[in-house]
Protein chains: 2
Amino acid sequence: MARTAAERGREVRQQLVGAARELIAERGWSAVSTRMLAERAGVAPGLVHYHFASLPALLTEAAIGAMRSAVEEIGQLLDQAGTPAQMLDRMLTALEVHTGRDPLSLLFTETYLAATRDDDLRAAVSGIVVDLRDRLARWLGGHGISEPERTAAVLAAAIDGVVLHRALQPDLTARTVAPILRGILRTEGERG
Amino acid sequence: MARTAAERGREVRQQLVGAARELIAERGWSAVSTRMLAERAGVAPGLVHYHFASLPALLTEAAIGAMRSAVEEIGQLLDQAGTPAQMLDRMLTALEVHTGRDPLSLLFTETYLAATRDDDLRAAVSGIVVDLRDRLARWLGGHGISEPERTAAVLAAAIDGVVLHRALQPDLTARTVAPILRGILRTEGERG
DNA sequence: CTCATAGTTGGGCGATCGCCCAGGGCGAAC
DNA sequence: GTTCGCCCTGGGCGATCGCCCAACTATGAG
């Protein structure tokens, strides 16, 4: 088949993925319908099931893709940071954009929840989280933090928790959280 | 009206609330239907709209009630704990029951998300979280912890984050988390 | 006993759901 | 110029949705 038609096809597919990311955040994972997706993407309703095997398949692809991109961004942030305290500050500053009610935050939390009800999604999300945790642990270990694996796990969870709470408590800013959360990072010499 | 009939009515209403708590956790907030609720509660479908103004009203009452009970339990836990470290241990031990995929954990996270899309629910949830945060802050302040308000906010968020992550990472046990999270608790003398 | 009232029943309303599919458009291959 | 194959259209399928309501039961008040 032709370049142009195939290209338009790819573009439609990508627009559906983008619409899915928006709508999962706006309405919630299980409240997204095929017709809503088509309208948001500006395409005919039938196209959803042409490009994707099912509605869950589209939602899963959209969510997993977004999570992979986010982990990649955090990975770059790690490479640029010098000290652990600086890393935490940059991480929280980057998080400042996410009010907890922004599309990306909500998409992530929705995906966590949906993953508890879908085996394929759970495996994919779990893999991504483990990947991030391991990268974070390696970085922490290389910068003198004791118990890097457990610290990385708790730090990742705490940050997600802050985003979750921030949706309801807007005063939970990076500036507020950073000094407290820094207590998690203990160097080898210190004693907790 | 009679005692017995009124009592049976109250009982039916309570069974619907209980069914709502189960089903929100199992299927997700927006995937709970009136017919599912009636079947789970063992009552006729029409009763849902006899006892409750709407489906969201039932879900909201169920979720808010569960959250209030949980906060009350944590309050009692605070009264019984001696030192901050002991309090954290007891809190995490109590949390051990919640695998992150248990009904209560999922109900809470579903409620957080639903609250971002419903003003009434958001106001109610926000009030409960603030209440818990304040009680925790008062306790921390009274036990020599510096910056009790911010510490309480971060601690509450971190614990919710751990529960969220535990749904996908079962190895995130209380034993693993406690020593790291303890770093958040700094006494007045210490320097972060 | 009669009436009023609260609780209950089960089906019906229009709308929407996921998914499907017959058929049209259209550039590439030959 | 004909054929092929991919992309796309839009309506239809049965099921389910939230909500409603006329009719029925049961029980305390008069």
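1. The expected span of a helix is 1.5 Å times one less than its number of residues. In this predicted model, helix 8 of chain A, which runs over residues 148-166 and has 19 residues, reaches 26 Å from its first C-alpha to its last, close to the 27 Å expected.

2. Of the 19 residues of helix 8 of chain A, 18 are buried, so this helix is largely enclosed by the rest of the structure.

3. Two packed helices are described by the angle between their axes and the distance between the axes. Within chain A, the axes of helix 4 (residues 55-80) and helix 6 (residues 103-115) come within 10 Å and cross at roughly 120 degrees, which means that helix 4 of chain A is oblique to helix 6 of chain A. The crossing of these two helices is left-handed.

4. On the side of helix 4 of chain A, the contact is made by A:Ala63, A:Ala66 and A:Met67, while helix 6 of chain A brings A:Leu104, A:Leu107, A:Phe108 and A:Thr111 to it. Sorted by class, the residues of this contact are 6 nonpolar and 1 polar, with no charged residue.

5. Turning to the two chains, 44 residues of chain B are in contact with 44 residues of chain A. On chain B, helix 6 (103-115), helix 7 (119-142), helix 8 (148-166) and helix 9 (174-181) each supply at least two residues of the side that touches chain A, and the largest share of that side, 13 residues, comes from helix 8 of chain B. By class, the side of chain B that touches chain A has 24 nonpolar, 12 polar and 8 charged residues.

Conventions. Residues numbered from 1 in each chain as written. Chains lettered and ligands numbered in written order. Predicted model: local features only at pLDDT ≥ 70, side-chain atom pairs only at ≥ 80, totals over all residues. Contact = placed C-beta atoms within 7 Å. Helix = DSSP H or I, 4+ residues; strand = E, 2+ residues; numbered from the N terminus. Nonpolar A, V, L, I, M, F, W, Y, C, P; charged D, E, K, R; others polar. Axes fitted to C-alpha atoms, helices over the stretch in contact; angles between N-to-C directions. Parallel < 35°, antiparallel > 145°, perpendicular 65-115°, else oblique. Left-handed = near helix turned anticlockwise from the far one by under 90°. Buried ≥ 20, exposed ≤ 12 C-beta atoms within 10 Å, placed from the backbone.
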